[in-house]
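Trainee: I would like to learn how to read the features of a structure like this one. Where do we begin?

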Amino acid sequence: MNTIMRKSVLSVAGLAFAGGIFAGPVAAHAAPAVDAKPATTAAVAVQAPKPQGEQSHITLNDEQTANVKAIIAATKKAGLPERAAVISIATSLQESKLENLGHLGDANDHDSLGLFQQRPSSGWGTPEQITDPEYSTTAFLKGLKQVDGWQDMPLTDAAQTVQVSAYPDAYAQWEQQATDLVAQHWNS
């Protein structure tokens with residue numbers, strides 16, 4: 001057998017073996033055995049993903065807390081789950097520390113404004129729109145909904161896909177505080 005043929009046969013055999021390993025346990029549980037006893041009902045707790053890396057935390061003032069509540073309200077209005085609010089709040093913590101920032105002069109990053117540091121020149125909206133917490137959150141969530149699998153990906157990856165930041169991993173440090181804030185204010 002020549003080398004190419006042997007590699008092809010080994011590749012197919014490897015795929016079949018791997019497929020058997022992965023499909024085997026699923027297939028084994030697909031149909032219960034005739035004499036199997038029914039499983040007892042047990043509550044299974046769904047755990048939020050564990051935050052990545054070292055976590056940061058800031059103490060919020062009344063304005064920042066109001067912005068948290070505005071982000072949560074916009075998330076609920078959009079019909080999205082708590083995870084979307086966690087991603088939104090963590091993103092805003094990174095971008096503005098939950099402050100609705102206007103033009104910062106020379107310290108400004110281009111023409112970035114608002115809770116999410118969105119740019120009018122990039123199509124996020126007018127300065128008036130993106131400094132409105134409901135509008136800016138809705139715009140962020142619209143971008144998030146376009147990310148395939150955002151619900152299951154690490155927070156920093158979901159946020160980065162929407163924001164396209166020069167510091168793509170920076171969002172991760174705010175996940176725990178954002179999770180705590182959503183837990184505290186989601187039902188209030």
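This is a predicted model: local features need pLDDT of at least 70, side-chain atom pairs count only at pLDDT 80 or more; totals for chains, interfaces and linings use all residues.

Trainee: How many helices and strands does the protein have?

Mentor: The protein has 7 helices and 0 strands. Along the sequence the pattern reads α-α-α-α-α-α-α. Of the 188 residues in the protein, 33% are buried. Of the contacts between residues at least 6 apart in sequence, 58% join residues at least 24 apart.

Trainee: How do I read the packing of two helices?

Mentor: Two packed helices are described by the angle between their axes and by the distance between those axes. Take helix 3, residues 82-96, and helix 7, residues 175-185: their axes are 8 Å apart and the angle is about 130°.

Trainee: What are helix 3 and helix 7 to each other, given that angle?

Mentor: Angles from 65 to 115 degrees count as roughly perpendicular and those over 145 as roughly antiparallel. Helix 3 and helix 7 are therefore oblique to each other. The crossing of helix 3 past helix 7 is right-handed. On the side of helix 3, the contact is made by Glu82, Arg83, Ala85, Val86, Ile89, Ala90 and Leu93. Helix 7 contributes Glu175, Gln177, Ala178, Thr179, Leu181 and Val182. Sorted by class, this contact of helix 3 with helix 7 holds 8 nonpolar, 2 polar and 3 charged residues.

Trainee: At what angle do helix 2 and helix 7 cross?

Mentor: Helix 2, residues 62-77, crosses helix 7 at roughly 75°, and their axes come within 10 Å. Helix 2 and helix 7 are therefore roughly perpendicular to each other. Thr65, Val68, Lys69 and Ile72 of helix 2 meet Leu181, Val182 and His185 of helix 7. By class, the contact of helix 2 with helix 7 divides into 4 nonpolar, 2 polar and 1 charged.

Trainee: Is helix 6 mostly covered or mostly exposed?

Mentor: Helix 6, residues 155-163, is mostly covered, with 7 of its 9 residues buried. Those buried residues are Leu155, Thr156, Ala158, Ala159, Gln160, Val162 and Gln163. They pack against helix 3, helix 5 (133-145) and helix 7.

Trainee: Where does Ala172 lie?

Mentor: Ala172 is in the loop between helix 6 and helix 7. A residue counts as buried under 20% relative accessible area, so Ala172, at 8%, is buried. Ala172 and Ala90 are 82 residues apart along the chain, with C-alpha atoms separated by 7.6 Å. Residues up to four places away in sequence aside, Ala172 touches Gln52, Gln55, Leu155 and Thr156.

Trainee: What does the side chain of Ser96 reach?

Mentor: The side chain of Ser96 reaches the backbone oxygen of Glu99 at 3.0 Å. A polar atom of that Ser96 side chain also lies 2.8 Å from the backbone oxygen of Leu115. Ser96 lies in helix 3 and is buried, at a relative accessible area of 5%. Not counting residues up to four places away in sequence, Ser96 touches Leu101, Gly114 and Leu115.

Trainee: How should I read a positive phi?

Mentor: Most residues other than glycine have a negative phi. Leu98 is not a glycine, yet its phi is positive, about 65°. Leu98 is found in the loop between helix 3 and helix 4 (127-130).

Trainee: Which residue follows helix 6, and what is its phi?

Mentor: Val164 follows helix 6, and its phi is positive, near 55°. Val164 lies in the loop between helix 6 and helix 7.

Trainee: Are Leu98 and Val164 buried or exposed?

Mentor: Leu98 is buried, at 0% relative accessibility, whereas Val164 is exposed, with a relative accessible area of 63%.

How values were computed:
Residues are numbered from 1 along each chain as its sequence is written. Side-chain values use heavy atoms; hydrogens and water are left out. Axes are lines fitted to C-alpha atoms, for helices over the stretch in contact, and angles run from 0 to 180 degrees between N-to-C directions. Helices (H or I, at least four residues) and strands (E, at least two) are DSSP runs, numbered from the N terminus. Angles under 35 degrees count as roughly parallel, over 145 as roughly antiparallel, 65 to 115 as roughly perpendicular and the rest as oblique. A crossing is left-handed if the near helix is turned anticlockwise from the far one by less than a right angle, and right-handed if clockwise. Contact means heavy atoms within 4.5 Å. Ala, Val, Leu, Ile, Met, Phe, Trp, Tyr, Cys and Pro count as nonpolar, Asp, Glu, Lys and Arg as charged, and the others, Gly among them, as polar. Buried means under 20% relative accessible area, exposed over 50%, partly exposed in between (1.4 Å probe, protein chains only). A polar contact is a pair of N or O atoms within 3.5 Å; within protein, one must be able to donate a hydrogen and the other to accept it, and residues adjacent in sequence count only if both atoms are side-chain atoms.
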